[in-house]
Amino acid sequence: MTTTKARTSRETPYPSSSDGPQERQRWPARLWGILIVLSLVLFLDGLDVSMVGVALPSIGAELGLGTSSLQWIVSGYVLGYGGLLLLGGRTADLLGRRRVFLIALAVFAVASLVGGLVDSGPLLIATRFIKGVSAAFTAPTGLSIITTTFAEGKARNKALSIYTVFGASGYSSGLIFGGLMTGIGWRWTFLMPVPIAVAALVAAYLLIPRDKPAASGGYDILGAVTSTGAMLLLVYNLVSAPERGWLDPVTIGLFVVAAALLAAFVLVEQRIAHPLVRLGILRKTSLVRANVAIIALFGSYLSFQFIVTLYLQDVLGWEPLKMAMALLPLGLLVVVSAPFAGTVMDRFGTARFIIAGMAALVVGYVLFLPIDTSPVYLTAILPSVLLLGVGFALGFPSINVQATAGIDDHEQGLAAGLVQTSGQVGAALVLAVTTALIATEAPAEGGAPVPEAMLDAFRPGLVFITFVALAGLTITLVPLLRRRSAGAHRAEAVPVAAAADEV
């Protein structure tokens, strides 16, 4: 017990009590600095997922890349990010959070610089994969630094709400910054993060306190190989299957291999002394619900973002800058909500926050379903944009708070890695199915696709996205309704018992 307290005092500059006068103390400037640096890096991670999508046509034109090659500029990042998140969280626990965070951030900055300078498609895809790998280490490590620096309760909820809203802002602002940077030149979508990452690296080196490994034991090499292999293979197959065919023998075979690797991973984790993932952590129902919710939220949102990009540019013929301005309210809503999310979450609880966020997403998707080829922005597009901003601002931080609440310090990296992995792999799954539902070719007149036919091709994907969000809302809502029902039954039982005593 003495060792644990000593380690906590070295790692935690903020008072550890979650109650009493300490909770109302102002955070010192150094503590705010740590939070801002970690939040900025998460913003860059999210930005990189969505920003490059706007620049793909320009990249293809300059480098002579076809559609399949351009796809891997996006999926390469997802492969590195989603496939290695669990390993990233565990590595932070074993080697020390500060060390892992600094190294991964330095790799991110270098890969961003190289990506903006290369003239080769394969090299560009390779840099995207490397950036995804670095994000797989910075994201769970940064989150575990937050949760071990701020005491569980109001302080941690406030810090996590600010931190995760920065991440949500990165995802939601990707199209905006992508449109602005593509207007200057597509290479700026890769170069823009470089000076920000370098500044964050210097600040992190100066501000984040040195720490010792939070977990003991050796590396679970076999678990890392099987889990990472399964995630990489699954994400790769989900991304490539629409082009190859879902019933193609290669697609089926890869799914079988991925399932076998996943089964082997579970078997290894049950038998090894120091597992990569302690499977018992999945008995915590709040963590499981958080993972399901992030799949529905992130998967539906990124898939909708993908369709909206094609709709605004290909169907309506909008320039990237005009598209960025149309989506600007979404990003602004997410950003301005950061100072208030923690306070409201403390009052109403994470479950209600998640439900409100998912409900806003569902309504936003439903309102967008009747869209046509000559929409009025204020009535046909803006309401959905605003609702999606509200949904992401409410849902994203509350899901992360729920995922890490009640988790021991030495497993914070694991819990963070699990929820991040679910978000990335879930998004790949939903996007892959969405892409499969979209017709690859629409009828054309004079060599140009007919806008109405293109829009009709998008509608099955929009319906599926709405269904995913609705499923996430339902799964989150049912446990809350059951608890209320159980509470009502207990309340009714009290007078009955009292009457029996009187008799």
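## Overall build

Welcome to this chain, which contains 17 helices and two strands. Keep in mind that the model is predicted. Of its 503 residues, 54% count as buried. Among contacts with a separation of 6 or more, 84% come from residues 24 or more positions apart.

## The surface

The chain exposes about 21100 Å², and carbon and sulfur atoms supply 68% of that area. One place to look is a nonpolar surface patch of about 320 Å², made by Ile-103, Val-107, Phe-129 and Ile-130. The elements giving two or more residues to this patch are α4 (97-117) and α5 (121-149). Val-107 belongs to helix α4 and is partly exposed, with a relative accessible area of 35%.

## Aromatic pairs

Across the whole structure there are 10 aromatic pairs. In one of them, the ring centres of Trp-27 and Phe-150 are 4.7 Å apart and the planes meet at 50 degrees, so the pair counts as tilted. Trp-27 sits in the loop between α1 (2-11) and α2 (29-63), while Phe-150 sits in the loop between α5 and α6 (154-184), so the pair ties together parts that are 123 residues apart in sequence. Both residues, Trp-27 and Phe-150, are buried.

Another tilted pair joins Phe-304 and Tyr-365, with 5.2 Å from centre to centre and 45 degrees between the planes.

## Charges over rings

Arg-98 lies over the face of Tyr-205, 5.0 Å from the ring centre. The charged end of Lys-131 is placed over the ring of Phe-108, at 5.0 Å from its centre.

How values were computed: Residues are numbered from 1 along each chain as its sequence is written. This is a predicted model: local features need pLDDT of at least 70, side-chain atom pairs count only at pLDDT 80 or more; totals for chains, interfaces and linings use all residues. Side-chain values use heavy atoms; hydrogens and water are left out. Helices (H or I, at least four residues) and strands (E, at least two) are DSSP runs, numbered from the N terminus. Buried means under 20% relative accessible area, exposed over 50%, partly exposed in between (1.4 Å probe, protein chains only). Contact means heavy atoms within 4.5 Å. Accessible areas come from the Shrake-Rupley method with a 1.4 Å probe; for residues, only the protein chains shown count as cover. Patches are made of residues with over 30% relative accessible area and no salt bridge: like charges are joined within 9 Å, nonpolar side chains (Val, Leu, Ile, Met, Phe, Trp, Tyr) within 5 Å. A salt bridge is a side-chain nitrogen of Lys or Arg within 4 Å of a carboxyl oxygen of Asp or Glu. Rings of Phe, Tyr and Trp (its six-membered ring) pair if their centres lie within 6.5 Å; planes under 30 degrees apart count as stacked, over 60 as edge-to-face and the rest as tilted. A charge sits over a ring if NZ of Lys or CZ of Arg is within 6 Å of the ring centre and within 35 degrees of the ring normal.
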